[in-house]
Amino acid sequence: GFLSKGQLLKRLDTVIQPLADRETSPTLEALDNAMRQGHFFLAYQPKFDLQTGQVVGVEALLRWQDPRCGLITPDRFIPLAERHHRIVDLSWHVLDLALAQQARWQANGWTLNMAINVPAQWLKAPNMLATFDRIVARHTSRLEGLTLELTESAGIECLSYARHVLSALRERGCRLALDDFGTGYSSLIQLYRLPFDELKLDRSFVSLCDEDREARAITLAIIDLGRRLDMTVVAEGIETREQHDLLRHAHCDIGQGFLLARPMPSAQFDAWYAAQATQKAKALA
Ligand code: C2E
Ligand code: MG
Ligand code: MG
Ligand code: MG
């Protein structure tokens, strides 16, 4: 059929953006240097219960602050880190930063679920579980409210090994989410064979579900699939009121997106969350 102007612009974006990125791709040397110097920080995007509107937690999204080039987003360095086997170290660093932040929030009296993104390669790291335990022990004696979003690029070649590691992480109290469901390697066989608690519907369906009949059908079918499997369904990339209402009425559990809140560095998040709590207290008074 014909594409609407909105759809056309979105498709053009997928062509133009990678071209723009190619010219400014950071080098491996710069990445290693940034890791040594600690030039990474996390931005936190709130996740909302779509039925009540309550903030239930955040997703931690990695940012690289380069003194010369400015802010570098993950699309420009995660593939580089994966290609050159830096992604495991980077993932340990993310876990460490995220747990430190969660402990600070806990000290404020704020209980927020923390989701971090981890690739399949991380599951195969040497001494994986021992290293995980050692980093967790730096921050807490009892792991709580940590979600691992499995994001795919490299793929899981060995499902039985992945299942072993994921089950062990789950026994330690982690929630497991399958990220970007419906795209790339994020497949039905993984859903069937691996112990996920949460299904994250990819943004490419969410962003078109209010305009496009096919995208809407896929969105509704994935929500139904998640419910039948007793999984929490999360929609990412909600940008319009129409998308929000459609997902809410379809009983999608959790939502994330620029319409609701953008990813924020910790100081900005703290101010936002405090204001949000005040508003809620006022509404209840
Ligand atoms: P993701 O895990 O699917 O994260 C969602 C991405 O969508 C984030 O981009 C977020 O900023 C963006 N987003 C959220 N709401 C909206 C919206 O309403 N509209 C639009 N257009 N975008 C929205 P970001 O931060 O650039 O991250 C991109 C991807 O990079 C992530 O996709 C994830 O796969 C990867 N990534 C981010 N942080 C990490 C990390 O710490 N480790 C690993 N391994 N991967 C990460
Ligand atoms: Mg994610
Ligand atoms: Mg996602
Ligand atoms: Mg995504």
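Guide: A donor is an N, O or S atom within 2.8 Å of the metal, with 3.2 Å used for Na, K and Ca. The model discussed here is predicted.

Visitor: Which residue coordinates both the magnesium ion (ligand 4) and the magnesium ion (ligand 3)?
Guide: The two ions, ligand 4 and ligand 3, lie 3.2 Å apart. The residue that coordinates both of them is Asp 180.

Visitor: What are the protein donors of the magnesium ion (ligand 4)?
Guide: The protein donors lie 2.1 to 2.2 Å from ligand 4. They are an OD atom and an OE atom, from Asp 180 and Glu 236 respectively.

Visitor: How many residues apart are Asp 180 and Glu 236?
Guide: Asp 180 sits in strand E6 (residues 175–181). Glu 236 is in the loop between strand E8 (232–235) and helix H11 (241–249). The pair links distant parts of the chain, and the separation in residues is 56.

Visitor: Is Glu 236 buried or exposed?
Guide: Buried requires a relative accessible area under 20%. Asp 180, at 23%, counts as partly exposed. Glu 236 has 13% relative accessibility, so Glu 236 counts as buried.

Visitor: Which side chain meets Glu 149 in a salt bridge?
Guide: Glu 149 lies in strand E5 (residues 146–151), and its partner in strand E1 (residues 40–49), so the bridge ties together parts that are 102 residues apart in sequence. With an N to O distance of 3.3 Å, the partner is Lys 47.

Visitor: Which residues are linked with Lys 47 and Glu 149 in a network of salt bridges?
Guide: The structure holds 13 salt bridges. Besides Lys 47 and Glu 149, the network includes Glu 59, Arg 175, Glu 198 and Lys 200.

Visitor: What separates Asp 224 and Arg 228 in helix H10?
Guide: The side chains of Asp 224 and Arg 228 form a salt bridge of 2.9 Å, N to O. Asp 224 is partly exposed at 35%, while Arg 228 is exposed at 66%. Both belong to helix H10 (residues 213–228) and are 4 residues apart, so the separation is about one helical turn.

Visitor: How far apart are the closest N and O atoms of Arg 213 and Glu 214?
Guide: Arg 213 is exposed, with a relative accessible area of 63%. A salt bridge needs the nitrogen within 4 Å of the carboxyl oxygen. Arg 213 and Glu 214 form one, with a closest N to O distance of 3.9 Å.

How values were computed:
Residues are numbered from 1 along each chain as its sequence is written. Chains are lettered from A and ligands numbered from 1 in the order in which they are written. This is a predicted model: local features need pLDDT of at least 70, side-chain atom pairs count only at pLDDT 80 or more; totals for chains, interfaces and linings use all residues. Side-chain values use heavy atoms; hydrogens and water are left out. Helices (H or I, at least four residues) and strands (E, at least two) are DSSP runs, numbered from the N terminus. Buried means under 20% relative accessible area, exposed over 50%, partly exposed in between (1.4 Å probe, protein chains only).
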